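Thanks for coming, everyone. Let me put the structure up, and then I'll walk through charges, contacts and a few chain positions.

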Amino acid sequence: MDARFGALGVVDDHGTMERFIHVGMSPELVKQMGAPPRGLGVLGAVLTGGAPIRLRNLTEDPRSVGAPLAHPAMKAFLGVPITIRGSTYGALYLTNPSEKAFTSHDEALVKALAATAATAIDNARVYERSRRAQELSAALSEVAAKLLAAEGGEVFGVLAESVVSLTGAQLVSVVVSEAVGRDFYVHTARGDRATQIERSSVPWMDCVLARAMDGEPGITPEGGDEPVPFADDIPSASMVAVPLVVDGDRVAALCATRSADESPFTEDDLELLEEFAAQAGLAIALAWARADRQRLEIVDERARIAQDLHDHVIQRLFGTGLGLEALASAHPQLSDSIEAHVTQIDAAIGDIRTAIFTLQTRTGAEATRHRLLRILTELSDTLSAQPRITFVGTIDLIIVGSLADDVAAALRETLCNVARHADATTIEVEITATPHTVTLRVDDDGVGLSSDTSRRSGTDNLRARARAHGGDFTLSPRGAGGTRALWWAPVKSPGLP
C-alpha cells in the first residue's frame, strides 16, 4: 500500500484489544507514547462495524478520540476487519499513504490480505490450544508420577514447579488462610524471588487471591485498581488464582503471577490453570491416601515390635535378674557386684517399657522426631548449608500436642530466617527434651545479627509461641561469629508412663 504506518490489532474472545502490533515507528517513539491503543474511536468502529472504513482525514471523523502527545500526525486512514465464520479476530490499520488518500483498489487488496490473515490467526489459535492441551496432559502425568513415587517430594512444591513451566509465570505460590479476614500464609513458592515470600504472611485484602480462597477463580482486572498481594516483593501486572480442592475440601489457593514486562494472563490461562488444579487435586488425594496407608503400616509394625519387646525381651531380662539375685544369696561376697548388675538390668527394663509406651501411643499421628526431620528436608534446598541435627532425650514421648506444634513451627521459622539472612556455611540444630523443659537451639556461623529492625515479625512470633507455654525466645551473637537462636518452654504435662 506504500503507507508510512501500519498495524495489526488482535482481539480476545470478549472483543477486547489483546495485542497491537505496529510498524513504521521507532522503539523510542513507541515508549514515549505509553500504553498501546485499546480499541476505541475509529479503531474500535472497524472492529464492531464489521466493514472497512476508509477516510481522507482521520482527525476530522467524529468517531476519532485523539492521540497521545508524542503520536505522529496521521491523516488518510484505511481499516479492514479480520473476520472468519462471523467472528472478528482483529483488524488491519493503515495510515499516511504516499498519495493523499487510499483508493478503492487499495481497500480491495487489504480485504484480501485480511481474509488470509483470518485463516492464519484461526489456525494459530487452534494450534496453540492443542499445544497447551498436550502440555497440560504431560504436566499432569508428571505431577501424578512424582506425587505417587516414593521419592515424590513435597506435594505443593511439585505443583508449583509444574505451574511455572505450564503458564510461563514468573512466580507461583500455594497460599492458605485459616478463615476469611485472616492473613494469607504462603506455604510454598517457586520462581523469581520465591524465597522472599515463601513461609511468610501477607495481610488479608479483597483481591483475586481472596476470591480464589472462597472458591471463585479469577484474574486481576485491567487498570490496576485492585490490590495485588506480594506487590512489594514482586511488582506484577497480572495475577491468576484458582482454588485447590482435595477430596472435596478447599485446602489452598494456587496463584500465578506475571511481571509487568510480560503479557497479562488471559481467560485461556485461567481455564488451563483451573483444569490443572482440578486434576492435580485428584493426584494429591491419591498421594495423601498412600501416605496414610504407609503410616498405618508403620503403626502395625510398631505394635508388633512393642509386643515382642514385652513378651520376649523384658521377660528374659526379668529371668536374668532373678537368677543374679539368687546367685548373690548363694555367694554373699559377690552381692555388691551382682547388685550393680541387677540395677543396670532394672534400668534397661525401664527404658524398654518407655520405648514400648512410645510405640503404642503413637497412632496415626506423625512422630515428633520424624516431623522435625521432615521440616529439615523440606527447607534443605533453601539453606546455604545442610543442617546437622541432634536429639537429646525422649523426643516423641515428651514433645506432644500443642507443644509439638509450636516446636515444629519454631524450627521452621528459625531455619527460614537463617536461609534469608545468615549466609551461613555451618548450621547446627539441637533439640533437647527433659521431663521438665524442651529446648530448641539453632547455631549458625553466618553474618550475625543485623541492625535492621524492619523484620521483627518472625522473632516476635517465635517469642509469643514460647511465652504461651511459659517459656521464651532469645536471639544472640555467638562468640565464634554468627547467631544463636534459643527457644525453650516448660513441660507442664509430660506424657510419661
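Start at Arg 484. Arg 484 is partly exposed, at 33% relative accessible area. By that label I mean between the two limits: buried is under 20% relative accessible area, exposed is over 50%, with a 1.4 Å probe and protein chains only. The areas themselves come from the Shrake-Rupley method, with that 1.4 Å probe and only the protein chains shown counting as cover for residues.

Two words on the source. This is a predicted model, where local features need pLDDT of at least 70, side-chain atom pairs count only at pLDDT 80 or more, and totals for chains, interfaces and linings use all residues. Residues are numbered from 1 along each chain as its sequence is written, and side-chain values use heavy atoms, with hydrogens and water left out.

Back to Arg 484. What does Arg 484 form a salt bridge with? Asp 443, with the closest N and O atoms 2.8 Å apart. A salt bridge here is a side-chain nitrogen of Lys or Arg within 4 Å of a carboxyl oxygen of Asp or Glu. Asp 443 sits in strand β14 (residues 437–444) and Arg 484 in strand β16 (residues 483–490), so the pair ties together parts 41 residues apart in sequence. Helices (H or I, at least four residues) and strands (E, at least two) are DSSP runs, numbered from the N terminus. Asp 443 counts as buried, at 3% relative accessibility. The pair is also part of one network: salt bridges with shared partners join Glu 430, Arg 441, Asp 443 and Arg 484.

How many salt bridges does a search of the whole structure find? The search gives 13.

Take Asp 406 and Arg 465. Their salt bridge has its closest N and O atoms 2.6 Å apart. This pair links distant parts of the chain: Asp 406 is in helix α11 (residues 401–421), Arg 465 is in helix α12 (residues 457–468), and they are 59 residues apart. Asp 406 is buried at 12% relative accessible area. Arg 465 is partly exposed at 27%.

Next, Arg 190 and Glu 198. They form a salt bridge too, with 3.1 Å between the closest N and O atoms. Arg 190 is partly exposed at 24%. Glu 198 is buried at 10%.

Glu 267, Glu 271, Glu 274 and Glu 275 gather in a surface patch of negative charge. For such a patch, residues need over 30% relative accessible area and no salt bridge, and like charges are joined within 9 Å. Glu 275 belongs to helix α7 (residues 267–330). Its relative accessible area is 42%, so Glu 275 is partly exposed.

On to Thr 368. Thr 368 lies in helix α9 (residues 368–379). Is Thr 368 buried or exposed? Buried, at 2% relative accessible area. Its side chain reaches the backbone oxygen of Ile 399 at 2.7 Å.

Last, two C-alpha pairs. Ala 7 is in strand β1 (residues 3–11). Ala 7 is buried at 14%. Ala 7 and Phe 20 are 13 residues apart in sequence, and 6.8 Å apart in space, C-alpha to C-alpha.

Pro 72 is in the loop between β3 (53–55) and β4 (77–84). Pro 72 is buried at 19%. Pro 72 and Leu 29 are 43 residues apart in sequence, with 8.9 Å from C-alpha to C-alpha.

That's the tour. Over to you.

Note on methods:
Patch = residues over 30% accessible without salt bridge, like charges linked within 9 Å, V, L, I, M, F, W, Y side chains within 5 Å. Lys, Arg positive; Asp, Glu negative; His and termini not counted. Charge placed at Lys NZ, Arg CZ, Asp CG, Glu CD. Polar contact = N/O pair within 3.5 Å; in protein donor to acceptor, adjacent residues only side chain to side chain.
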